[in-house]
Amino acid sequence: MVKFIKRDKNDIFGMPILKIIFKNKIFIRSIQITTLCIFIYAIYFGFINPTKENNIFTTALFWGLFWPFFMVTTLSTFGRIFCGVCPHGFIGKYITKIGLKKKIPSRLANPFIGLLLLLSAWWFVYYMFPQFYKTPYATAILFFVMTIVASIFYYLYDEMSYCKYICPIGTITKVFSKVSFTKLETYKKECQSCKTFDCAKACTYNLKPFTFEKKNSMEDCTLCMDCAHSCESVAFKFKKPSSSLFSKFKVNKSEVWALILITGAISITMSFHHSLGRSAIVEEFFWVKTARYFESFINFGSLDTIGLFAFIYAIFISIFLSVVGIFIASKIMKVDFTNTFYNLGYSFAPIFIIGGLSHICEFFFYHYASDIVNGFNQAFNLGFQNIKPLASRKDEWVHIFKFFTHIAYIWAFIIMINRFKLIDSKKYLKILAFPFASALIIFFMSLNFYKIYIFDTYGKINTHSHINHKK
């Protein structure tokens, strides 16, 4: 164990204020314990106050503060720090210590499980029944059940298997954190003489921080900082944004599919349903026409058919453009499709995690900030007067955050260019293949310009199409 080290200038652990936030064990534990207590109380509050009329705290905490605001903003900047304070991961470490420590069966050791749970149990339900998870009671039930399932997995299996394979956001936080501008690694010189491997012993995930730099990957690291508390040679450094995506590393199939499916489920579906759904010609879009066609002879009741078909079409478009586009590109470059697909697929990472900042920032002013403050005021009887939203949709200045969508596709193109450099093919073939491999990025870019054209030409309405435009 290294006791003292002279840190590099870009090492966050050497910066006075940031060192307290990211390395001080007492501070980190206090944040983890506080988050856990609030998490448990929010679930309890949701059970005893199940309706929206007397409980905005539960939904504001989970669907405002935790997701998407804190998670999206931190993943795109400092990386996976949400996982480091996640209540499930925090209690999981202690449950694992007293648990059975079995090796998780191979059929369950599959990160696609968590990804499919996210798509089916959350996004599929969300678009069909948009109000379902927005009730405090449903939110409390969801996170209570997740906590029970997580606790069982922590007790049965070792190496935090729930976080790696079953957690619905495990894979997406892992891959989207690659866009950030930080990395955990160690100082080589000090590690060369190490014989105790304290950093590896401290890791509940059975990771070896001293291998991260060589692998150009932090693997399943959640930035809990337990390794940093055990040895001073562990460093948390500022790097160039997305720097790991510019070089080779061992690709993970589930990560690439997470990028493609989340791009469809969030970035494209939201543009179809929640953005273009406010246009004055909403009834002319193909997903709306499909919904109306089925509504003409089937009674769907409270089902939001427009949201459902927007979701289905968006997923199909995302898969089609990425797979077919890269397939054509691989044929042009005369290289293997599978390797090309999983190497170039990482270029799609900025589309959601950076593009999503536009939505997050706007909604922070529309209602996240007021809901969160008023929710805590309500839940803890703080006694101050409720605050109003910081802005409304009529405030044009809020739209300044749209620039994040443009940064998203520009940054995706930059990553694609650098990922192309890793492919062994002739330069002119790469140039010909580039637009095909970038088909999903081009579609996202075009969709944003199309929205501008539609709103400027035809105008907006004040509600989504599924609310009061149903025939």
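K189 counts as exposed because its relative accessibility is 68%, where exposed means over 50% relative accessible area, buried under 20% and partly exposed in between (1.4 Å probe, protein chains only). The model is predicted, so local features need pLDDT of at least 70 and side-chain atom pairs count only at pLDDT 80 or more, while totals for chains, interfaces and linings use all residues. Residues are numbered from 1 along each chain as its sequence is written, and side-chain values use heavy atoms, with hydrogens and water left out.

K189 belongs to helix α10 (residues 188–192); helices are DSSP runs of H or I with at least four residues, numbered from the N terminus. Between K189 and I461, the C-alpha to C-alpha distance is 62 Å, with a separation of 272 residues in sequence.

Helix α16 spans residues 305–333 and contains 29 residues. Its first and last C-alpha atoms are 42 Å apart, close to the 42 Å expected at 1.5 Å a residue, the expected span being 1.5 Å times one less than the number of residues. Just after α16, K334 adopts a positive phi of about 60°.

Terms used:
Helices (H or I, at least four residues) and strands (E, at least two) are DSSP runs, numbered from the N terminus.
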